[in-house]
Amino acid sequence: MHPEVIRNQPGDCPKCGMALEPRTVGSEDEVDQEYIYMRNRFWVGAFLSLPLVLIAMRDMLGLGFLEKLLGPGTLHWFEFVLATPVVLWGGWIFYVRSWKSVVTWNLNMFTLIGLGTAVAYIYSLMALFFPQRFPASFRSESGTVGVYFEAAAVIVTLVLLGQMLEQRARSRTGAAIKALLGLAPKTAHRIDADGSERDVPLDQVQVDNKLRVRPGEKIPVDGKVLDGASNVDESMLTGEPVPVEKKKGDQVIGATINSNGSLIIQAEKVGADTVLAHIVHMVAEAQRSRAPIQKLADLVAAYFVPTVVAVAAVAFIIWSFVGPEPRMAYALIVAVSVLIIACPCALGLATPMSIMVAAGKGAGIGVLFKDAESIEILRKVNMLVVDKTGTLTEGKPRLTNVLAAEGWDEDEVLRLAASLEQASEHPLAAAIVAGAKDRRLAIQDAADFNSHTGRGVSGRVDDRQVLLGNARLLRESDVSTDALDTRAEELRAGGQTAMFVAVNGKAAGLVSVSDPIKATTPEAIEKLHAESIRIVMLTGDNETTARAVAGKLGIDDFVADVLPADKAAAVKRFQKEGQVVAMAGDGINDAPALAQADVGIAMGTGTDVAMESARVTLVKGDLRGIARARMLSRATMRNIKQNLFFAFIYNALGVPIAAGVLYPLFGLLLSPMLAAAAMSFSSVSVVGNALRLRKIKL
């Protein structure tokens with residue numbers, strides 16, 4: 001309930017009293033000690049409470065002969081013997097947590113449970129050992145005073161049952177993580193330097209190891225295909241059932257399933273660095289975080305327990321003065337019932353349970369939430385700002401055209417451009433270098449290389465000063481582009497990125513690069529428009545290129561010629577206009593904008609910096625995941641509100657009934673045992689409602 005409470009060993013939360021959850025989720029075969037603790041005590045409690053109930057309800061069950069046979073005093077001693085181990089051993093953990101809650105003044109559900117059962121048990125002890133201290137109206141003809149050992153024992157047993165069922169249900173909320181952990185194979189086929197092959201445990205695989213993956217096997221770690229070709233089922237990452245073709249040079253992800261071919265891969269990421277480990281970490285973090293709506297439950301809970309204690313005290317006083325005889329006995333029953341039925345455990349569980357299930361569900365469809373707040377806010381987003389390269393497009397630009405100015409040769413223009421760009425890490429640079437290599441041009445090292453952010457690069461090749469970039473860069477160096485402007489505009493109108501090449505102060509030609517639009521992007525935009533989301537594209541491209549791409553995809557608006565530093569400013573401007581902005585991007589230069597947005601959405605195919613800055617990660621960089629994430633966000637908040645409504649209404653109705661408001665009209669009085677059963681049912685029902693999120697279709 002309170003993820004800010006962290007300690008290095010198992011224990012109880014000092015605020016809500018519940019057992020702390022482990023920070024890392026283990027495998028399916030891990031033993032839940034809290035569940036076993038509650039289960040063992042429940043079964044002992046149930047075994048001893050059954051005869052207790054039979055004795056206490058002997059007249060109603062036709063067992064009145066027991067009293068004639070043994071006498072009421074002897075039966076009270078039997079009740080004491082049966083109830084004491086249940087209350088003191090079975091319920092001991094409740095009293096420890098209750099005492100802690102009072103000492104630290106973090107009143108919670110265990111405060112009420114401990115107080116209610118302790119009052120019933122201590123009253124019964126006094127009645128058993130010191131009956132003469134009670135008023136004559138309390139004593140029967142035999143001189144005994146009525147006891148409530150069965151109420152104390154049955155309440156403890158029912159609370160143990162509720163805790164046991166709740167713990168089992170809560171363990172299912174981590175099923176998504178456990179399923180992910182179970183995806184990884186236990187061993188890998190390692191090929192040693194001498195060519196021999198042997199199976200090794202997965203934790204012995206190191207970076208750069210060569211591994212063989214046979215048909216039908218799971219890929220052990222993240223890596224690159226060195227040899228072979230196959231189709232790989234990546235549905236555990238994306239939720240998409242269609243296998244992806246893999247060949248030499250392609251990246252593969254650990255725990256995905258190799259379908260039909262044999263692959264030899266080189267390990268690149270192992271252990272905690274793999275995509276699977278990253279997913280598990282993100283889901284676990286999201287499950288432990290708190291949604292803003294939880295503040296409402298916290299606020300209510302802060303005043304709720306003291307209020308309930310006050311109501312119980314007032315009810316006790318009223319019944320002790322105006323109730324039917326024996327008035328003190330009725331007063332005690334009413335007070336204990338109020339304390340027990342009002343336990344706010346359902347209120348405390350309402351939000352965290354839904355968040356835990358939603359985070360796990362998101363992981364199963366390729367959407368990783370960094371925190372609970374992102375789940376809550378995403379449904380409110382009405383504007384999506386997207387980076388173009390790597391988000392709308394594949395992020396793998398290809399050289400499409402080379403145009404030489406008068407007096408220049410195309411190959412020479414491309415060779416100079418590639419020689420300059422091989423020192424750059426920009427995706428467009430990689431496309432130019434790859435294009436030159438395809439033409440088998442002799443690329444040389446550039447001297448005095450300099451990158452001009454958002455404009456281009458410069459340097460010396462063959463003792464010639466070379467510029468490569470947009471018109472702005474060339475104008476800064478007093479280089480005229482007039483002879484090439486018309487052709488550049490034509491290329492941009494076709495959605496290509498055109499870059500000028502200048503040598504020794506004069507324009508030498510043009511190179512253009514195009515980045516194919518992802519096959520899933522048009523469908524994603526259509527789905528987002530159906531969700532009434534306005535889409536704005538940010539790009540460093542020229543306005544003509546940006547307009548062509550935006551028109552082709554049906555994007556609502558675009559901002560062209562954006563420098564990396566300006567992206568966050570653009571997001572801030574939209575926010576000032578009152579928009580709830582989500583930003584989707586994949587590069588290091590997108591990180592400030594991702595952090596500025598109300599919800600930052602990183603492509604899982606992008607940089608680690610982008611993913612750290614974002615609150616949501618789309619594992620395979622598929623924008624359709626945003627529409628799915630919004631559906632999950634809406635379903636989760638609807639589920640939380642259902643839980644909170646149920647918890648509030650339950651307590652609003654339960655407390656007055658337990659206090660006896662129906663007794664004057666209908667003669668109905670809620671017994672403490674029924675109050676305990678109702679309280680346990682409310683918690684289990686809230687968890688059960690949260691688990692429904694696992695079944696929703698996105």
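User: At what angle do helix 15 and helix 16 pack?

Analyst: This model is predicted, so local features need pLDDT of at least 70, side-chain atom pairs count only at pLDDT 80 or more, and totals for chains, interfaces and linings use all residues. Residues are numbered from 1 along each chain as its sequence is written, and side-chain values use heavy atoms, leaving out hydrogens and water. The axes of helix 15 (residues 410-421) and helix 16 (residues 427-438) lie 8 Å apart. Angles run from 0 to 180 degrees between N-to-C directions, and here the angle is about 130°.

User: Which word describes how helix 15 and helix 16 lie to each other?

Analyst: Angles under 35 degrees count as roughly parallel, over 145 as roughly antiparallel, 65 to 115 as roughly perpendicular and the rest as oblique. Helix 15 and helix 16 are therefore oblique.

User: Which residues of helix 16 meet helix 15?

Analyst: Contact means heavy atoms within 4.5 Å. From helix 15, L414, A417, A418 and E421 take part. Their partners in helix 16 are A429, I432, V433, G435 and A436.

User: Which residue with a positive phi follows helix 21?

Analyst: The phi in question is near 95°. The residue that follows helix 21 is G578.

Methods. Helix = DSSP H or I, 4+ residues; strand = E, 2+ residues; numbered from the N terminus.
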